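This report covers selected residues, a pocket and the nonpolar cores of one model. The sequence and structure come first.

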Amino acid sequence: MGWWRTQWALLTVAPVAVLAVLGAFIDPARTWLLAGAAVLAVLGLLCTLLIPLWWFRVHRWEVTDAAVYVRTGFFRQVWRIAPMSRIQTVDTVRGPLEQLFRLSTVIVTTASAAGAVEIRGLDHELAAELAERLTVITQATPGDAT
């Protein structure tokens with residue numbers, strides 16, 4: 001949850017800082033700019049504290065010998081299933097923030113028009129093991145004849 005909270009905090013800090021700096025230099029609009037910065041800071045703080053709790057409750061993933069299952073979403077929840085026979089590539093990605101938290105994202109690319117299935121925020125060692133496991137399973141799975 002720390003990774004999600006940090007993302008929200010960083011998303012909030014930039015616009016609050018811009019409004020505060022503008023408020024410090026633009027005297028006629030100072031009140032409105034600083035009020036906007038304060039409101040945005042409060043909303044950002046609430047999002048930083050509460051949204052990761054909700055995401056933790058709704059984001060799920062599972063890998064079986066038959067498929068990769070991923071549920072994501074906030075208001076609109078999406079349940080994606082990638083059959084092993086349709087998997088084309090398995091990648092792991094670590095952005096700067098993920099590296100800081102020792103996390104990775106596993107990206108499972110299929111022939112689907114909906115795009116890749118992503119499992120975000122995994123411990124980097126678990127992500128490496130998962131990518132290796134998926135590679136072994138997909139190599140042993142015959143291709144889809146459809």
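## Ala116

Ala116 counts as partly exposed because its relative accessible area is 31% (buried is under 20%, exposed over 50%, partly exposed in between, with a 1.4 Å probe and protein chains only). The residue sits in the loop between strand 5 and strand 6 (strands are DSSP E runs of at least two residues, helices H or I runs of at least four, numbered from the N terminus).

Neighbours within four places in sequence aside, Ala116 has contacts with Arg80, Ile107, Val108 and Thr109, where contact means heavy atoms within 4.5 Å. Between the C-alpha atoms of Ala116 and Trp32 there are 43 Å, and the two residues are 84 residues apart along the chain.

## Basis of the values

The model is predicted: local features need pLDDT of at least 70 and side-chain atom pairs count only at pLDDT 80 or more, while totals for chains, interfaces and linings use all residues. Residues are numbered from 1 along each chain as its sequence is written, and side-chain values use heavy atoms, with hydrogens and water left out.

## Largest pocket

The largest pocket holds about 530 Å³ of space. A pocket here is an open set of points on a 1 Å grid over the protein atoms alone, where a 1.4 Å probe fits, with protein on both sides within 12 Å along at least five of seven lines; lining residues have an atom within 4 Å of a point. Grid points are joined across faces, edges and corners, and the volume is the space filled by probe spheres set on the points.

Its lining has 22 residues, and Trp3, Trp4, His59, Arg120 and Gly121 lie nearest the centre. Elements giving two or more residues to this lining include helix 1 (2-25), helix 2 (30-58) and strand 1 (60-63). Strand 6 gives the most, six residues.

## Nonpolar cores

The largest nonpolar core has 15 residues; Val68, Met84, Val106, Ile119, Leu130 and Leu134 have the most contacts inside it. Such a core is a set of buried Ala, Val, Leu, Ile, Met, Phe, Trp, Tyr and Cys residues joined through side-chain atoms within 4.5 Å. Helix 4 supplies the largest share of this core, four residues. Apart from it lies another core of six residues, including Trp3, Ile51, Trp55 and Leu97.

## His124

His124 is in helix 4 and counts as buried because its relative accessibility is 18%. Beyond neighbours within four places in sequence, His124 is in contact with Arg94, Arg102, Leu103 and Ser104.
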